[in-house]
Amino acid sequence: MVGKDKTVTVFDGGAVKTLILYSNAFTGRTIHGELGLPMNENVKRDIDPKVGWLQISSEVIGKYASDYIFMAVDAKAESFDYTNDPIWNTLDAVKQNHLYEIDGYRFYFSDPISVMGQLEDIADMMEERERASVKRG
């Protein structure tokens, strides 16, 4: 799924003006900590590890975007069309269909049950997308 030479970025908010970037907090803890998926160097450098997140403007997402992007959203209330957004559609992760919306409110915390639920959801989502791309290609 995610190659060992690839990086992953975790955002919260969707295709909006201001969003949250995660390193080792909330969903970032699951993806970077539990799954061990490496983060973008700019994320490592710019986010205080004691805080674990940073609020950013959408104009700078290119600085933090990785090969794969996980976007935490309220899945019951929102979904975004990143391919038609003038900022997001410039990112390789969007062009390669490597942006995954995850339900940031289904498993909000970092307790063991939430972490396991997040891991299962992420694995299922990536496997489903992989199967769909194999069928198309």
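## Burial and overall form

Of the 137 residues in the protein chain, 42% are buried. The model discussed here is predicted. Its accessible surface comes to about 7800 Å², and carbon and sulfur atoms account for 51% of that area.

The radius of gyration of the protein chain is 14 Å, which agrees with the value near 14 Å that a compact globule of 137 residues would have. Along the principal axes, the C-alpha trace spans about 45 × 35 × 35 Å.

## Order of the elements

The protein chain contains five helices and five strands. Read from the N terminus, their order is β-β-α-α-β-α-β-α-β-α.

Strand β4 covers residues 68–73, and six of its six residues are buried. Both of its faces are covered: Y68, F70 and A72 are buried on one side, while I69, M71 and V73 are buried on the other.

Two strands pair with β4. Strand β1, residues 8–12, runs parallel to β4 and is joined to it by five bridges. Within this pairing, T9 stands opposite I69. Strand β5, residues 99–103, also runs parallel to β4 and is joined to it by five bridges. Here F70 has Y100 as its bridge partner.

In soluble globular proteins, nonpolar side chains tend to be buried together. The largest nonpolar core in this model has 19 residues, and F11, I69, M71 and W88 are those with the most contacts inside it. At least two residues of this core come from each of β2 (18–22), α3 (61–64), β4 and α4 (92–95). Strand β4 gives the most, with three residues. A second, separate core has 16 residues, including V2, V8, Y22 and I102.

When residues up to four places away in sequence are not counted, M71 touches F11, D12, G13, G14, L19, Y82, W88, L99, Y100, E101 and I102. L99 is found in strand β5 and counts as buried, because its relative accessibility is 9% and the limit for buried residues is under 20%. With the same exclusion of sequence neighbours up to four places away, L99 touches I69, M71, Y82, W88, A93, V94 and R129.

## Two sides of helix α1

Helix α1 comprises residues 27–34, and its buried residues are T27, G28, T30, I31 and H32. These residues lie on the same side of α1 because they cover an arc of only 165 degrees around the axis. On the other side of α1, G33 and E34 are exposed. After α1 comes G36, which has a positive phi near 70 degrees.

## A residue of helix α5

Helix α5 spans residues 112–136 and includes A123. Is A123 buried, exposed or partly exposed? Its relative accessible area is 31%, so A123 is partly exposed; this class lies between the limits of under 20% for buried and over 50% for exposed. A123 and V16 are 107 residues apart in sequence, and their C-alpha atoms are 26 Å apart in space.

Conventions
Residues are numbered from 1 along each chain as its sequence is written. This is a predicted model: local features need pLDDT of at least 70, side-chain atom pairs count only at pLDDT 80 or more; totals for chains, interfaces and linings use all residues. Side-chain values use heavy atoms; hydrogens and water are left out. Buried means under 20% relative accessible area, exposed over 50%, partly exposed in between (1.4 Å probe, protein chains only). Helices (H or I, at least four residues) and strands (E, at least two) are DSSP runs, numbered from the N terminus. Two strands pair if DSSP finds at least two bridges between them. The arc is that of the directions from the helix axis to the C-beta atoms. Contact means heavy atoms within 4.5 Å. A nonpolar core is a set of buried Ala, Val, Leu, Ile, Met, Phe, Trp, Tyr and Cys residues joined through side-chain atoms within 4.5 Å. The radius of gyration is taken over C-alpha atoms; the globule rule is 2.2 Å times the number of residues to the power 0.38. Accessible areas come from the Shrake-Rupley method with a 1.4 Å probe; for residues, only the protein chains shown count as cover.
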